[in-house]
Amino acid sequence: MNDPVPSVPPKAPRWALWLPLVLFGGFVVLVLFGLLRPAEREVRSKMIGKPMPEFSLQPAVADRPGFARADMATGQPRLLNIFASWCIPCAVEAPQLLALKQAGVQIDGVAIRDQREDVEAFLARHGNPFARIGADNVSAIQFAIGSSGVPESFVIDGKGVIRYQHIGEIRPEHVPVILEKMKEAGR
Amino acid sequence: MSEFVKPKHQRLVLVLIALIALIGAGLLAAWALRNQASYFYVPADMMANPPEPDRAVRLGGMVEAGSIRTAADGVTIQFVVGDGKERVPVSFKGLAPDLFQENSGVVAEGKLAANGTFVADNLLAKHDEKYVPREMKDMTEAQARAAVAETQ
Amino acid sequence: MIAELGLAALWLAAALAALQLVAGALGLTARGAVLGTIVRPVAVVQGVLTLLSFAALMALFWQTDLSVKLVAANSHSAKPMLYKLAGAWGNHEGSMLLWVTIMGLAGSTVALVERRLPERTMLATLAGQAFVSLGFYAFLLLSSNPFERLNPAAPEGQGLNPLLQDPGLAFHPPTLYIGYVGLSVAFSFAIGALITREVGPAFARTMRPWVLGSWVFLTLGIVAGSYWAYYELGWGGWWFWDPVENASLMPWLAATALLHSVSVLAARNALRTWTMMLAVVAFSMSMVGTFLVRSGILTSVHAFAVDPERGSFILALLLINIGGALALFGLRAGTVTEGERFAMTSREGALVFNNVMLSAILGIVLLGTLYPLLAEAFGAQVSVGPPYFNPMGAVFVVPMLVVMGIGPLLRWRRDSLARVRLSVIVPLVLMLIAGIVLAMQGVAVLPLLGIALAAGLVVAAFLPLRGRKLRQVKLPLWGMVVAHFGVAVSLFGMACDSAYTTEKLVALREGDTVAVGPWQIDLVVIEPVAGPNWTALQATLSARYDGGSAVKLQPQSRSFWTPPQQTSESALETRWNGQLYAVLGERGEDGRWQLRLWWKPFVTMIWYGGILIALGGLLALIGRVLSDLRRGIARDKIAYRKLRQGR
């Protein structure tokens, strides 16, 4: 059994050594497809371009009124923001909402499955950009306008028609987009 | 085989055996996957092109308003899943998940019985910790698929 | 201040990793040899810095410092201390920091204690380790900084999610991570050996404790994860072939194969190339698993915060590390000289068989896990579940377990089955009897095979001890016996669960009685109870086993407010011969309550067996480390004597 170390490496099937790399390459192609696939995770509302459905929300906090469908058709475009005090991304987007308010946007909020004290604490902490805040404890308005999560924001034009939907938190880079959509809706 | 394989062949033989076994496993797996993977249907698909009776599949759609009925045994429920185009009656024996309710999305795992009822052995209505569930009204096919992306 | 300190330590550690990589690589060249001398100290300091950084994060969670974003998002001042601390790693950023910390400490340990390998291989290994770590440092520092501040500070944390307050969940991720990272050390050793072409028994002995250790942790992690899913999901099952579970199973399969092939390499200097490849594959599977779970490209019943961007980052790491390693393997493995030869009927032959079967199972699981993605590429939505995994797995598990019973009896190099035939008669007869009895009971094929095999293996596992003086049996052999016995026990539990479980789904009024298997169960009362942040409906069940005394079970249906959520709390009653499992459902319109009850004979054996497997690994690890220590001390003595003589 004591073979001398062969001077030439034995003729092993060299191609077999590359097989693992080839298989790995296949795996990478597959998952790249998975990663790059258009993000269907986000559910676009079918309601875009349609008027707001009928709804009426009780006020969520003491110092802001609730609102109903009729309040949306004011002749001015409005931003409808779906949020909740228990939602972390909502806290992240708070500065952007304040910035939008500064820029003259009228914002209405809907607090989803929330409690008055929690909403008040949330607003005290992150600022209150809302003109009106309705409470939606059964996600009714979410179903009605085709929103699938919190936070989401909708641009509603002066006639109460939904013009644009923003899914997820509004980050600083989204602010110009929203302003542009508001302007379009105002035309 | 108590003799040693010839020295220069041992590695080749081992590699070949391993390769044959692994390729065999791969082929077997591919065959089994074709037969055992459970496909996803929305009601319109299921009506147009029903799955074979014994095949486990998933059915996704909206639970129609007013359609949930509990049978006399108290644990079997019947309801209708729709996608805006077609409707499929579903029967399920078991504990429905907490988020299972009328007008919300559901994915049922089970088989289509000969009488056209979908017999489910599991219902999924999952949601993420930080977001409310993706419950939608007027679910289209694309939306149903998207809802499933979450519950799958 | 603590946050900044932690961040600074992390940056410094990353810089040292870069230095370690450069110095290690240059140290391999003739001109940079002097640089090689700093590699070990640098690795040690790097480990200390990562530990410091992690300690800083723990301190922030200890104090509930809400000016740190991660703490604010994942902790709460009202949480029990244990969960505050566990919160440090119960999230993406913290878990990645834990990962680099374990990796840094592992690197330090290698640098401090490992003296057996040629210094060039050590340099290449430590450089490899630094290379892998650098990727994770970049990930942490560039895209998931755990020390990010929140300005202004939050008034209260968001992380009071009671679902995550579970001791199992607190310790599950670190256990798996230690396993994964241990495999990264084996990976680095393989890279080092491939670079210097020094593959042999010394290399295998160096790598083996790391493989053993990580295998023990992976085993425990899987056992804990399975039990958690069993009692928490309330579905009565213990394994769902869910992507998250598969992600932890795949590295375990690869590590099991590696564990066995590294033993062949250490004892017999054979299977060199194969062991190299397995070392690469085992760590690859850890990373692939992490990637699949974190990227969200496969969805799962276990809720996980997913983020495609992070997925891309991990994929890039995968591509660089694994692609690079496999390319190196393709280039170098052909030039590694062939090891010793052996006959097919020999200990080596049996281990090769076991390795091929494990690899096949790994392939089956990987294919099944990725198939939904593949199908989607062709426009079909599918999911793959037990109807695929169970029979496909069995095709390979059954022959592997048969060989597991015989293999340890065979001699190294060459042997004949005729020699061991007398030894295996007892287990074979047991298997046959069990098989016939079960067939007469009408048990289905897979559970029948499982119980019969388990009956044979329970005896076969102890056969290697035959004819030995028990006091002289070395620890690693005990380890093997215990682990193989654990496999039999676990298999017995799985097969019994699927053969004998009885399930009842009923709607009851208070005072009604139902029978499940040997149990008589009364629904005594349903009443509301309240916890710190939930309210629940709680059923009180009074259960009698075979007319014996009554035990109380209290399954609940809980509602949480922050975040709004409903969960079922199952109730379990454990006996030596099985578990009674109760879940409370909803109240029907007619006032009856839905109850789901299972009697699962011997189901607990699944996890006891798993613990035995891990214990076996631990015994082997202790045995190997002790003998290494003894050998090291002896070597030092000789060196010392030589030194004195030289003087």
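In chain B, 54% of the contacts with a separation of 6 or more link residues 24 or more positions apart, where a contact means two C-beta atoms, placed from the backbone, within 7 Å. This is a predicted model, in which local features need pLDDT of at least 70, side-chain atom pairs count only at pLDDT 80 or more, and totals for chains, interfaces and linings use all residues. Residues are numbered from 1 along each chain as its sequence is written, while chains are lettered from A and ligands numbered from 1 in the order in which they are written.

**View 1. Chain B has three helices and seven strands.** Helices (H or I, at least four residues) and strands (E, at least two) are DSSP runs, numbered from the N terminus. Read from that end, the order is α-β-α-β-β-β-β-β-β-α. Of the 152 residues in chain B, 41% are buried; that takes 20 or more other C-beta atoms within 10 Å of a residue's own, with 12 or fewer counting as exposed and anything in between as partly exposed, all with C-beta atoms placed from the backbone.

**View 2. Strand S2(B) sits well covered.** Seven of the seven residues in S2 (residues 57-63) of chain B are buried, so the strand is largely enclosed by the rest of the structure. S1 (residues 38-41) of chain B runs parallel to S2(B), joined by two bridges; at least two DSSP bridges are what it takes for strands to pair. Look for Tyr41(B) opposite Leu59(B) of S2(B). To get from S1(B) to S2(B), the chain goes through helix H2 (residues 43-48) of chain B in a right-handed β-α-β crossover, meaning that the path from first strand over helix to second runs clockwise with the strands pointing away from the viewer.

**View 3. S2(B) also has antiparallel partners, S6(B) and S4(B).** Six bridges tie S2(B) to S6 (residues 105-112) of chain B, and Arg58(B) stands opposite Glu109(B) in S6(B). With S4 (residues 76-82) of chain B there are two bridges, and here Met62(B) faces Gly82(B).

**View 4. Helices H10(C) and H13(C) pack with their axes 9 Å apart.** The angle between H10 (residues 243-268) and H13 (residues 347-377) of chain C is about 160°, which makes them roughly antiparallel (over 145 degrees; under 35 is roughly parallel, 65 to 115 roughly perpendicular, the rest oblique). Axes are lines fitted to C-alpha atoms over the stretch in contact, and angles run from 0 to 180 degrees between N-to-C directions. Residues making the contact include Leu249(C) and Leu253(C) of H10(C), and Leu358(C) and Leu362(C) of H13(C).
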